[in-house]
Amino acid sequence: MQNDNNLYVRKIPTMNLKSLILNYLKGVAMGAADVVPGVSGGTIAFITGIYERLIAAIKSFNLTTLKLLLRGKFVQFWQAIDGTFLLSLFLGIATSFLSLSKVITWLLVQYPDLVWAFFFGLILASTYFVGKTVKWNLKTIVVFLLFAVLSFIITAPTNEPLNTSGALWYIFLCGAIAICAMILPGISGSFILVLLGQYMYIMSALSELQLLIIGVFICGAVVGLLSFANLLSWLFKHYEKITLAALTGFMFGSLNKIWPWKSTLTFYTKGEQQFPLTQQNILPQADGQFWFAVGLIIFGFVLIFAIEWIAGQLKKENNKQ
């Protein structure tokens, strides 16, 4: 009979108080990135040197470790999933989400054009960096074009979102899909929420501490992470370039949704406030705010270049060691 202690073998680095605090701060940085569409928390995890450990911890949730939990071996289970590392990291992420959500929500209400201009620059640069990793040939070009057109049609701002009433099943689904961005290159969970039409809703729920909505979203995120992590890993292992071409096309086509200058066609009401439901893209007017928005697009674009440059330098240093 197999020894329970040998069910899972992976050397987990020990964590003292200093490493716990440092890991918490890395989680804060990841959370701050994930609140903003276009900045990937996974990229921040890579820059801070915890990406591989994070992916390994996520993948450790399997039948082998589940046996430990079902047999009441909680200490061994906690060690097998690198629980202390995950807990300190996700506490940091939660801190950023709760603290920054009020700011983002307020900015989106008061200065929507400027905020979306910044997001547009971030996502445009992220699209470029994901596309750079693709080996372009006829097959990948066709996949890119297919997903770009499909994304452009699906994300048209004139389309009414699937759901704006906060149905719990849809919030759960959004959490399940958005969390997968953590292990996708160049895509943030917030960007996925924008495409699903729930970014503003989730940010509002976080800022107002609507525990039911937050809890359902977290449950969806957990299920999504455990369900899709292995599938995404398999796709990248067997069809990496095709998958990356599809992601590049998807992001490029969805710039249609992020275009900063829009006119609102219909609204929906939440409490005493009205929020845009369907919109259409328009050409901007060359006024003072226009040039400020252009500056924010450039700033967002350059910011991604800076983050990717830092990540590249760290990768070179790691390869030398």
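Arg53 and Asp82 form a salt bridge (a side-chain nitrogen of Lys or Arg within 4 Å of a carboxyl oxygen of Asp or Glu), with 2.6 Å between the closest N and O atoms. Arg53 belongs to helix α3 (residues 51-59) and Asp82 to the loop between α5 (74-80) and α6 (83-110), so the pair ties together parts 29 residues apart in sequence. Helices are DSSP runs of H or I with at least four residues, numbered from the N terminus. A search of the whole structure finds one salt bridge. Asp82 has a relative accessible area of 4% and is buried, where buried means under 20%, exposed over 50% and partly exposed in between, with a 1.4 Å probe and protein chains only. The model is predicted: local features need pLDDT of at least 70 and side-chain atom pairs pLDDT 80 or more, while totals for chains, interfaces and linings use all residues. Residues are numbered from 1 along each chain as its sequence is written, and side-chain values use heavy atoms, without hydrogens and water.

Asn256 is located in helix α14 (residues 255-258). Asn256 counts as buried because its relative accessibility is 11%. A polar atom of its side chain lies 3.1 Å from the backbone oxygen of Phe152. Beyond neighbours within four places in sequence, the residues in contact with Asn256 (heavy atoms within 4.5 Å) are Phe152, Thr155, Ala156, Pro157, Lys262 and Asn281.

Leu66 lies in helix α4 and, at 35% relative accessibility, counts as partly exposed.

Methods: Helix = DSSP H or I, 4+ residues; strand = E, 2+ residues; numbered from the N terminus. Polar contact = N/O pair within 3.5 Å; in protein donor to acceptor, adjacent residues only side chain to side chain.
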